[in-house]
Amino acid sequence: MFGPAKTLGAPSAERIAMDASFSDSGAFSLLQHAFNMGQFAPGPSFMGYAALSTLTQNGLIRACIETVADDMTREWIEIESPDTNGDGDNSDEKKTIEDALIDFGVRDHFHRAAELDGYFGGCLIYIDTGAVDNQLLTPLDISEKSAELRNLKRFVIIEPINVSPGRYESLDPLSPRYFNPDTWWILGREVHASRLIRIVGNEVPIMLKPAYNFMGVPQAQTLYDYVLHFQDARQASSRLLEKFSLTVLQTDMQDILTNPSGTKSLDDRLAYMTAYRSNDGVLAIDKKMEDIINLVTPINGVTDVVRQQLEFIVAINRTPAVKLMGISPAGFNTGEADIKNYNDHVSTQQEKVFRKGLQKVLDIIQIFKFGKLDKSVKFKFVGLNEEDEKAVADIQLIKAQTRQIYSDMGAVDAMEVRKAVADDQNSPLSGIKADEEPEIDDGEGSEAENGETYIPQRKPGAAIPEEASGVD
């Protein structure tokens, strides 16, 4: 298959015939397969970073990407930190990690990374420890023994136009390096992949990885076709509104076309009509030779067509119309169910795009701040469907009333109610010691520190004689 061509030295006629059938031998099967599948035909393909940079100026595409990026980092994360110093309180460690996340601007970096993922298909976050030259090619040790991470300086966003893949395996699909670069080139400097955090949302198949610079499919490129159709429909509707009413002057065109100066007289006639065409104007025409009619183009359904093109954009971006545009157009379903489904989509994107990179950042910050790494320190994304304070208070009121009903009917005692309140994470009394009875003042006199008996104040009406209280 890969040896010399069999047509070498053959006559011209035979050589042409044999060359034409050479593609069936298998040597060019992959290339021919690519042509047959339309890979080189006009169709969806990577637009290039220059064209994608231009799309960042499109208002509708920008609204789609910015809306999702904002919501992915709006409520952010909650650190689940155990007690690492053994003092029975994890608030100090948690506060230290949260402050470090703020100091390094991690939230802003991941927000920007979400934007670049939408515009360009992904980006890299560089872990800057002050390494230079050949040290950039050595793997970054993320462990308690790492002295390099004690000098952590910052996290840097690198746009994909400045990077290209370095060394990777392309022959063995069983290798962990298969189309998974060990290094990346960043404007002429080769950097080990462990020193970078790769943020990619829409991964591409193996065949397309080189074409997409080992990043993903940009959401801007996906939206571009639908945005173009919407813009065409919007512009067409605007032109239709300008011409939906047409005034026609019926006159003797034979005399105008045969007369050398007839066209000028027609122009003057039309200019006269245009000048006096209004509700307050009066137009005089020839009774026998002229007539005026008005042609109106029906525009019923034009709004539906334009709105349908906008619906495609909303559907592709998986964003409710009220969330994306700030309005509720007629015909759009913008109920609470749509908002909840969108919030679930944002949560899925957070897990898919941010989870791995954020955990790496959390491990690095632990080593930087505490000098040790606790793998049990995790985080969770705060859901956008979390109820507000009023809703939580209303639910707690219903729970309290339910517990009181159970207690009044004798189904549970006070200690069981106390335990239920202590175990309720949303209760303001969560975490109280359920096995200790609270001290309750029964209202009787209590002995003061000086040994005297304290007598409480009389209640209103206590001074009324008993005889008076029995009067009807």
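This is a predicted model: local features need pLDDT of at least 70, side-chain atom pairs count only at pLDDT 80 or more; totals for chains, interfaces and linings use all residues.
Residues are numbered from 1 along each chain as its sequence is written, and side-chain values use heavy atoms, without hydrogens or water.

**The helix pair**

Helix H7 covers residues 219-243 and helix H10 covers residues 302-317. Helices here are DSSP runs of H or I with at least four residues, strands are runs of E with at least two, and both are numbered from the N terminus. The axes of H7 and H10 come within 9 Å and cross at roughly 170°. Axes are lines fitted to C-alpha atoms, for helices over the stretch in contact; angles run from 0 to 180 degrees between N-to-C directions. Contact means heavy atoms within 4.5 Å. On H7, the contact residues include Leu223, Tyr226, Phe230 and Leu240. On H10, they include Val306, Leu310, Phe312 and Ile313. By class, this contact has 12 nonpolar, 6 polar and no charged residues. Ala, Val, Leu, Ile, Met, Phe, Trp, Tyr, Cys and Pro count as nonpolar; Asp, Glu, Lys and Arg as charged; the others, Gly among them, as polar.

**The sheets**

Strands of a sheet pair through backbone hydrogen bonds, either parallel or antiparallel. Two strands pair if DSSP finds at least two bridges between them. Two open sheets are listed here.

| S3-S2-S7 | antiparallel | 20° |

Take S3-S2-S7. Strands S3 (154-158) and S7 (196-199) stand at its edges, each with a single partner, so one side of each lacks a neighbour in the sheet. Strand S2 (residues 123-128) pairs with S7 over 4 bridges. Tyrosine 126 stands opposite leucine 196 in S7. Helix H6 (residues 106-120) packs on this sheet and touches S2, S3 and S7. The direction of H6 makes about 10° with that of S3.

S4 and strand S5 (residues 183-186) run antiparallel, joined by 3 bridges. Valine 163 stands opposite isoleucine 186 in S5.
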